[in-house]
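Morning, everyone. I have one structure for you today, and I'll keep it short.

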Amino acid sequence: MIGQEIIIPASHLNGQLIRIDHLIKTYLLGDVEVHALRGVSLEVSRGEFVAIMGASGSGKSTFMNILGCLDKPTKGTYVLEGIDVGNLTRDALAKIRNMKIGFVFQGFNLLSRTSAIENVELPLLYSSTSTKDRRQRAVDALQIVGLGDRIHHYPNQLSGGQQQRVAIARALVNDPSIVLADEPTGNLDSRTSVEVMEVFQQLNEKGITIILVTHETDIAAFAKRQIVFRDGRIKADKQNNERKLASEVIKDMPLNDEEEAA
Ligand code: ADP
Ligand code: MG
């Protein structure tokens, strides 16, 4: 088990996945204190699709690192599915991370000499899953993101959008409670970005909770809720009543070179 955790009975959670109270993160750079988060509070329920926006340096990545149990807050509480993760040891934090969180990064972060299916299997290597189950779950995840016919391709044999879909499959393979994505479309052209957002919207329709950082309003337009950070605080937090559907938007976009060639 996880040890040290504070369990709140599921009946008290009411669909609540994340509760954050007065989160503060201060980095020490030599003698200088950098106040990256200055008191952030919010709740996220199961099934939400949140876009986090804000200028460079406003604390978005710091916040995502704490959400993803990659880093601990200086002060404040973070409760994930009833577990107060702020008080856990590094080992316990790593376990929670492995069980509950899937990550997608701007740069895909795939192993280059490793096929799509092996990249997707990676998070399962630390669990007790059998080799056969591992394969099956990786194939299933690749099918969900529409890459069932590319499982043996290497990253350099895939387009940027396909590589990001492999990364999304890798994030899904552990059946996480939440998928965190930090600028997942930052390295993609605009059509491919919308295709990746279509994948996120499909996953969200299946009930997967998504929290995504972007500085592009066009991308945030696909989320159900938009939160804006400024100087380490939440400046705005609203439901997106004019949410766009990626599957619709894509119809009006010109094909990119690769698709044209195909
Ligand atoms: P964003 O992702 O919104 O661009 P960050 O969370 O990366 O913002 O950074 C917030 C602030 O914290 C910035 O002033 C940044 O320079 C600082 N910061 C981020 N990471 C570190 C670190 N490891 N050490 C010191 N300062 C940091
Ligand atoms: Mg950042």
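First, the ground rules. This is a predicted model, so local features need pLDDT of at least 70, side-chain atom pairs count only at pLDDT 80 or more, and totals for chains, interfaces and linings use all residues. Residues are numbered from 1 along each chain as its sequence is written, while chains are lettered from A and ligands numbered from 1 in the order in which they are written.

How confident is the predictor? pLDDT is its confidence in each residue, from 0 to 100. The chain averages 91, and 94% of its residues reach 70 or more. The exception to flag is residues 1-9, where pLDDT stays under 50. The model has 18 contacts beyond four places in sequence for that stretch; a contact means C-beta atoms, placed from the backbone, within 7 Å. Where pLDDT is low, the predicted coordinates should not be read in detail.

Now the overall fold. The chain has nine helices and 10 strands. These are DSSP runs numbered from the N terminus: helices are H or I with at least four residues, strands are E with at least two. The C-alpha atoms fill a box of roughly 55 × 45 × 45 Å along the principal axes. For 262 residues, a compact globule would have a radius of gyration near 18 Å; the chain has 19 Å, which agrees. That radius is taken over C-alpha atoms, and the globule rule is 2.2 Å times the number of residues to the power 0.38.

Next, the four-stranded sheet. It is open, runs β2-β1-β4-β5, and pairs antiparallel. Strands count as paired if DSSP finds at least two bridges between them. β2 and β5 (83-84) have a single partner strand each, so one side of each is left without a neighbour in the sheet. Helix α1 packs on this sheet and touches β1, β2 and β4 (75-80). The direction of α1 makes about 60° with that of β2. Axes here are lines fitted to C-alpha atoms, for helices over the stretch in contact, and angles run from 0 to 180 degrees between N-to-C directions.

Look at β1 and β2. They pair over 11 bridges. Leucine 23 has valine 40 as its bridge partner, and arginine 19 has glutamate 43. The hairpin leaves two residues between the strands, and glycine 30 in the turn has a positive phi of about 65°.

On to the six-stranded sheet. Also open, with order β6-β7-β8-β3-β9-β10 and mixed pairing. The edge strands are β6 (101-105) and β10 (233-239). The twist averages 15° from one strand to the next. β3 and β9 run parallel over four bridges, with methionine 53 partnered to valine 228. Two helices pack here. α5 (residues 160-172) touches β6 and β7, at about 165° to β6. α6 (residues 190-205) touches β3, β7 and β8, at about 150° to β8.

β9 and β10 are antiparallel, over six bridges. Phenylalanine 229 has isoleucine 234 as its bridge partner. In their hairpin, aspartate 231 takes a positive phi near 50°.

Last, the ligand. Which residues are around ligand 1? Among them are Tyr27, Val34, Gly59, Lys60 and Thr62; a residue is near if its C-beta atom, placed from the backbone, lies within 6 Å. β1, β2 and α1 each supply at least two residues of that shell. The largest share, three residues, comes from α1 (60-67).

By type, the shell has four nonpolar, seven polar and one charged. Here Ala, Val, Leu, Ile, Met, Phe, Trp, Tyr, Cys and Pro count as nonpolar, Asp, Glu, Lys and Arg as charged, and the others, Gly among them, as polar.

That's it from me.

How values were computed:
pLDDT = per-residue confidence, 0-100.
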